[in-house]
Amino acid sequence: MPTRTIAVCQSCGAQSPRWVGRCTTCGEWGSVVEEPVERGAPVASVAAPTATLAEHDPSDADRVPTGLPEVDLVLGGGLVRGSVVLLAGEPGIGKSTIALQVALRVGHDCGVLLVCGEEAPQQIRARAERLGPIPSGVRTLADPSLPGVLAAVASGEAAIVVVDSIQTVFDPELPSAPGSVTQVRECGARLARAARENGVTVILVGHVTKEGTVAGPRVLEHLVDVVVSFDGDRSGTVRMLRPLKNRFGPTDEVGFFEMATEGLVPIRDASAFLLADRCPGLPGSALAALVEGRRPFVSEIQALVQPSGVSVPRRNALGTDAARLSVLAAVLDRRAGVKLADHEVFVSAPGGLQASEPAADLAIALALMSAYRDVPVPEGLVAFGEVGLAGEIRRVVASDRRLAEAQTVGCTHALVPAGLEADVDGIELVRVRHVAEVLDVLEPSTAVRVLRS
Ligand SMILES: Nc1ncnc2c1ncn2[C@@H]1O[C@H](COP(=O)(O)OP(=O)(O)OP(=O)(O)O)[C@@H](O)[C@H]1O
Ligand SMILES: [Mg+2]
């Protein structure tokens, strides 16, 4: 009898009875492959025991601290026993490094198993030497086949199992290749079940592209308890660890790290890190008070405005939102008389942290106006607020946290939306209702008044 097959999109996981050249769900060309359908013998239904909700002990969700405070913060206090954490990120971003750092710290207190799918144990050993002392509690498993990994989880030797990566784990009973949607989904589901049944924490490392389209992590998200994304600009050294989903804690804590030779080093004071190389007093530079998750930080925004001879001048955004920059340039041109329509506009948030939230608009507008007029922004002035299409300045969340952070880096004045009701000691508010009013801040006479008020 011919084997029954089903067509599965390797990009989004959608299934269809027949092969098609283009996935009807995600629109990807050439991503659909036929996979055999294998069904086990029907199982007789047996009533499973139930329990009242009240009789379960909430303290059962006990946590193992990772020894890296920034990682614990992101996880909501540590790794929960019997849970599955998906660590997702682009290739080369540093997933293996941070997973190994956690293993080396936790390995002092409990057993850790590293399932080496991507790299040979020797390679991992070489990296571990760079990262710190190697505790005897860390063991390796070189073969990433699913039965072996499941047996290791069930053996109880390790409290934490790190699988690097889930795309390399394969179930030999499934005909599709390692990394295919079917393999990743099946292996992920069985590892998750084994983790819960044995009270072992499983960390799955998974690759995603910028668009998140590569087979794997997307289909795992609902199976796992925690999804942590690890991202940043690969050409720079700053990395961000952020929870996208957490069944045991909040998802608004973010960890900042710097990639160094000795591994990922937490950046405790992000503002100081970002402002370290700043040259104050130059035209085209403004300070923005931003938040990432719950963490406030002050970032420099730099702008360069250059007359252009072409009909559609360039708008170039580095570390800020490109679409917002185009809109902002048009708003400044139309609503504030800053004639950017015939100028090339470049905006950058140097340092490696993204300044893409709408609250950065006001500081970007200030930097653009400062560059356009070739007049520096008064020293000690920070800005935050969203700029609407009519040029109105809108309030944003977490104003108190932004102001408090700005004060810690020495800001004395803050350019804020007129409607803001906030009061932070040591920082004077300069309220603006419309983007045209921002130009006044750059008038030498006003600047003096602003800073002396
Ligand atoms: N000897 C070294 N000294 C300093 N940094 C290093 C060294 N070796 C590697 N790195 C850094 O570590 C990064 C790779 O980290 P890692 O292998 O943890 O990433 P990954 O996300 O696991 O990658 P992959 O997708 O290949 O598995 C490199 O981009 C490099 O910046
Ligand atoms: Mg890796």
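Tutor: Two strands pair if DSSP finds at least two bridges between them. Helices (H or I, at least four residues) and strands (E, at least two) are DSSP runs, numbered from the N terminus. This is a predicted model, in which local features need pLDDT of at least 70 and side-chain atom pairs count only at pLDDT 80 or more, whereas totals for chains, interfaces and linings use all residues. Residues are numbered from 1 along each chain as its sequence is written, chains are lettered from A and ligands numbered from 1 in the order in which they are written, and side-chain values use heavy atoms, with hydrogens and water left out.

Student: In which sense do E15 and strand E19 pair, parallel or antiparallel?

Tutor: Strand E19 covers residues 381-383 and is joined to E15 by 2 bridges. Ala288 has Ala383 of E19 as its bridge partner. The sense of the pairing between E15 and E19 is parallel.

Student: Which residue of E16 is the bridge partner of Ser285?

Tutor: E15 and strand E16 (residues 295-307) run antiparallel and share 8 bridges. Their hairpin has 2 residues between the strands, and Gly293 takes a positive phi near 65° there. The bridge partner of Ser285 in E16 is Gln302.

Student: How many residues of strand E15 are buried?

Tutor: Buried means under 20% relative accessible area, exposed over 50%, and partly exposed in between (1.4 Å probe, protein chains only). One side of E15 carries Ser285, Leu287, Ala289 and Val291, the other Ala286, Ala288, Leu290 and Glu292, and all of these are buried. For E15, residues 285-292, the count of buried residues is 8 of 8.

Student: Which strands stand at the edges of the open sheet of 7 strands?

Tutor: The sheet has mixed pairing and the order E17-E18-E16-E15-E19-E22-E23. Each edge strand has a single partner strand, so one side of it is left without a neighbour in the sheet; these are E17 (315-318) and E23 (428-432).

Student: At about what angle does helix H10 run to E16?

Tutor: Axes are lines fitted to C-alpha atoms, for helices over the stretch in contact, and angles run from 0 to 180 degrees between N-to-C directions. Helix H10 (residues 399-408) lies across E15, E16, E19, E22 (413-417) and E23. Its angle to E16 is about 80°.

Student: Why is the pair of Phe230 and Phe257 edge-to-face?

Tutor: Rings of Phe, Tyr and Trp (its six-membered ring) pair if their centres lie within 6.5 Å; planes under 30 degrees apart count as stacked, over 60 as edge-to-face and the rest as tilted. A search of the whole structure finds 2 such aromatic pairs. The centres of Phe230 and Phe257 are 6.4 Å apart, and the pair is edge-to-face because the planes stand at 70°.

Student: How many residues apart are Phe230 and Phe257 in sequence?

Tutor: Phe230 is buried at a relative accessible area of 1%, and Phe257 is buried at 2%. Phe230 belongs to strand E11 (residues 226-231) and Phe257 to strand E13 (residues 255-260), so the pair ties together parts whose separation in residues is 27.

Conventions
Contact means heavy atoms within 4.5 Å.
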